[in-house]
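Visitor: I would like to learn how to read pockets and salt bridges in a model. Please take me through them one at a time.

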Amino acid sequence: MKLKPITSNFTLKDHAYERLRTAITQMNIYSGDADLRLDERQLAEQLNVSRTPLREAIALLERDGLVKVVPRKGVFVQRKSLQEILDMIVAWAALESMAARLATERATDAEIASLRKIAAKYNDGAAKTRISEYSEDNLRFHQRILEISKCALLKDMADGLFLHMNAVRLRAMGEENRLNRSVVDHAGIIEALENRETELAATYVREHTMRLHNHVRRTWTNLETAGGGSKATGT
């Protein structure tokens, strides 16, 4: 067996990629005043790396669909179009509802109880004051349903969607009364899973996600098309 040595640039590229991916997925990129342009010099300084591993990391982010490199203009965080977002939510609803169905058959009582532990943090009615924290735990809740379904392919497919859905959830969670509705929905999902009610659990999860779909379709009518739109005109 012949292997090429691991170079320092490979390690730095991977670290830069992970840091940038995490930062981008935590941005509220669908906010009206979001600055989508990434300054390579500032990024290199903050990460304490040279331009070479940074650009390699940016190439990986572009492959993931998280950024777009515009010749002579720069690097921009990539927004999805409204239709792309709606399609992702539909796919997510299908995957997670099947995961919930499988979880009623395969998950242990302790694994299902782990969902209640996540949700219990917000039973005090103060979730509105912790939108960012709730958004992170909301992601953990849904990822946990995929995990306890014990279907690795379902989880892998859903993880690809979650990568792009973070920013969508971050904006939507603070709109209308979606946060409180989410807390109520989670409680119903947990109860159906605990009672091993297969059809009900799948239905609750699907309806919960499709409420997000309906909200986005109804209220995000001014969303720019994919690519960052007006933000990609700078130098």
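Visitor: Which residues line the second largest pocket?

Guide: Rolling a probe the size of a water molecule over the atoms shows where empty space is left. In this predicted model, the second largest pocket is lined by R19, L20, A23, I24, M27, L38, D39, Q42, L43, Q46 and L47. Helices α1 and α2 (40-47) are the elements that each give two or more residues to that lining. The space in the second largest pocket comes to about 200 Å³.

Visitor: What is the make-up of that lining by class?

Guide: The lining of the second largest pocket has seven nonpolar residues, two polar and two charged.

Visitor: How much space lies in the largest pocket?

Guide: The largest pocket holds about 400 Å³. It has 15 lining residues, and the closest to its centre are T25, Q26, L139, N166 and R169. Two or more lining residues come from each of α1 (8-25), α6 (131-148) and α7 (152-173). Helix α7 supplies the largest share, six residues. By class, the lining of the largest pocket splits into four nonpolar, seven polar and four charged residues.

Visitor: Now the salt bridges. How many does the structure hold?

Guide: There are 17 salt bridges in the structure. A pair qualifies when a side-chain nitrogen of Lys or Arg is within 4 Å of a carboxyl oxygen of Asp or Glu. For R21 and E18, the N to O distance is 3.2 Å. Both residues sit in helix α1, three residues apart, about one turn of the helix.

Visitor: Which salt bridges link distant parts of the chain?

Guide: One of them pairs E40 with R51, with the closest N and O atoms 3.7 Å apart. E40 belongs to helix α2 and R51 to helix α3 (residues 51-63), eleven residues apart. R51 has 32% relative accessibility, so it counts as partly exposed. Another pairs E199 with R101, with the closest N and O atoms 2.7 Å apart. Here E199 lies in helix α9 (residues 198-219) and R101 in helix α4 (residues 82-106), 98 residues apart. R101, at 25% relative accessibility, is likewise partly exposed.

Visitor: Which residues do salt bridges with shared partners join into one network?

Guide: K121, E133, D137 and R140 are joined in that way.

Notes: Residues numbered from 1 in each chain as written. Predicted model: local features only at pLDDT ≥ 70, side-chain atom pairs only at ≥ 80, totals over all residues. Heavy atoms only, no water. 1 Å grid on protein atoms, 1.4 Å probe; cavity = no way out; pocket = protein on both sides within 12 Å on 5 of 7 lines; lining within 4 Å. Points joined across faces, edges and corners; volume = space filled by probe spheres on them. Helix = DSSP H or I, 4+ residues; strand = E, 2+ residues; numbered from the N terminus. Nonpolar A, V, L, I, M, F, W, Y, C, P; charged D, E, K, R; others polar. Buried < 20%, exposed > 50% of the residue type's maximum accessible area, 1.4 Å probe, protein only.
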